[in-house]
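My entries follow, in the order I made them.

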Amino acid sequence: MPPRSASPQVTLVCCSLLDGALAVLVTDRGAALPTRALGARETPDAAAEGLRRSLLGRVSTWQGQVAAMRAESALVIAYAALVPVGTAAPTGHRWLPVGRGGAAPLIRAAVAHLRDRLDREPIAFHLLGPQFTLSDLQQVYELLLERRLHKASFRRTLLSAHLVEPTEAWRSEGRGRPAQLFRFSPRRRRGVQRAVRFELLG
């Protein structure tokens with residue numbers, strides 16, 4: 001008789017920023033990704049949402065299915081979730097920079113998933129707080145793309161796409177002049193919105 005398959009599992013790849021690097025949420029012991037079994041009458045989306053809420057409450061702002069793959073005898077359905085910078089890890093977990101744990105297949109798949117949607121969904125904005133500088137935003141795009149962006153082209157494209165609006169707040173950044181803070185505020189336009197692409201350097 002063939003071995004009985006284990007219950008499907010849902011794994012969550014929670015991504016955030018830590019000291020200027022992309023980081024994922026892992027357990028203190030073994031650095032495993034948060035995982036739970038899929039209930040008999042539960043959809044994968046509902047299971048992933050429940051897992052995220054049990055870990056982070058209502059902090060996370062975006063979540064999407066990444067891939068489904070078989071690990072040993074169980075089907076694993078992976079989801080990526082974006083968490084704003086500065087969010088504390090829940091008890092029993094810690095943030096691990098992707099550079100130190102990026103070899104895990106599910107983490108690589110999650111990062112690739114985010115990169116593929118970067119020009120179609122507000123991925124980068126969900127990793128920042130409600131207000132940010134344009135330099136903050138550019139650094140997130142560069143981090144996810146693993147490429148440098150031309151500063152003037154980035155800002156011109158960003159503003160022409162009406163994705164951000166300035167606030168009345170400013171933030172001091174060293175000896176230079178203070179930087180104005182912006183917020184995500186896409187302007188609704190008629191018709192199909194085209195993908196936002198940025199000029200890449202070398």
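Predicted model: local features only at pLDDT ≥ 70, side-chain atom pairs only at ≥ 80, totals over all residues.

**Charged pairs**

I began with the salt bridges and count seven of them, taking a salt bridge as a side-chain nitrogen of Lys or Arg within 4 Å of a carboxyl oxygen of Asp or Glu. Residues are numbered from 1 along each chain as its sequence is written, and side-chain values use heavy atoms, with hydrogens and water left out.

I looked up Arg115 and found it paired with Glu146, the closest N and O atoms being 3.8 Å apart. This pair links distant parts of the chain, 31 residues apart: Arg115 sits in helix H3, and Glu146 in the loop between H4 and strand S7 (148-149). For such labels I use DSSP runs numbered from the N terminus, with helices as H or I of at least four residues and strands as E of at least two. Arg115 is partly exposed at 27% relative accessibility, while Glu146 is exposed at 61%. My cut-offs here are under 20% relative accessible area for buried, over 50% for exposed and partly exposed in between (1.4 Å probe, protein chains only).

Next I checked Asp119 and Arg120, whose side chains meet in a salt bridge at 3.9 Å, N to O. Asp119 is buried at 16%, and Arg120 is exposed at 55%.

Then I turned to Arg183 and Glu165, with closest N and O atoms 2.7 Å apart in their salt bridge. Arg183 is in strand S9 and Glu165 in strand S8 (residues 164-171), 18 residues apart. I note both as partly exposed, Arg183 at 34% and Glu165 at 28%.

I also noted a network of salt bridges that links Glu49, Arg52 and Arg53.

**Aromatic pairs**

How many aromatic pairs are there? I get three, pairing rings of Phe, Tyr and Trp (its six-membered ring) if their centres lie within 6.5 Å; planes under 30 degrees apart count as stacked, over 60 as edge-to-face and the rest as tilted.

Phe125 and Phe184 make a tilted pair, because their ring centres are 4.4 Å apart and their planes at 35°. Phe125 lies in the loop between helix H3 (105-116) and helix H4 (134-145) and Phe184 in strand S9 (residues 179-184), so the pair ties together parts 59 residues apart in sequence. Phe125 is buried at 7%, whereas Phe184 is partly exposed at 33%.
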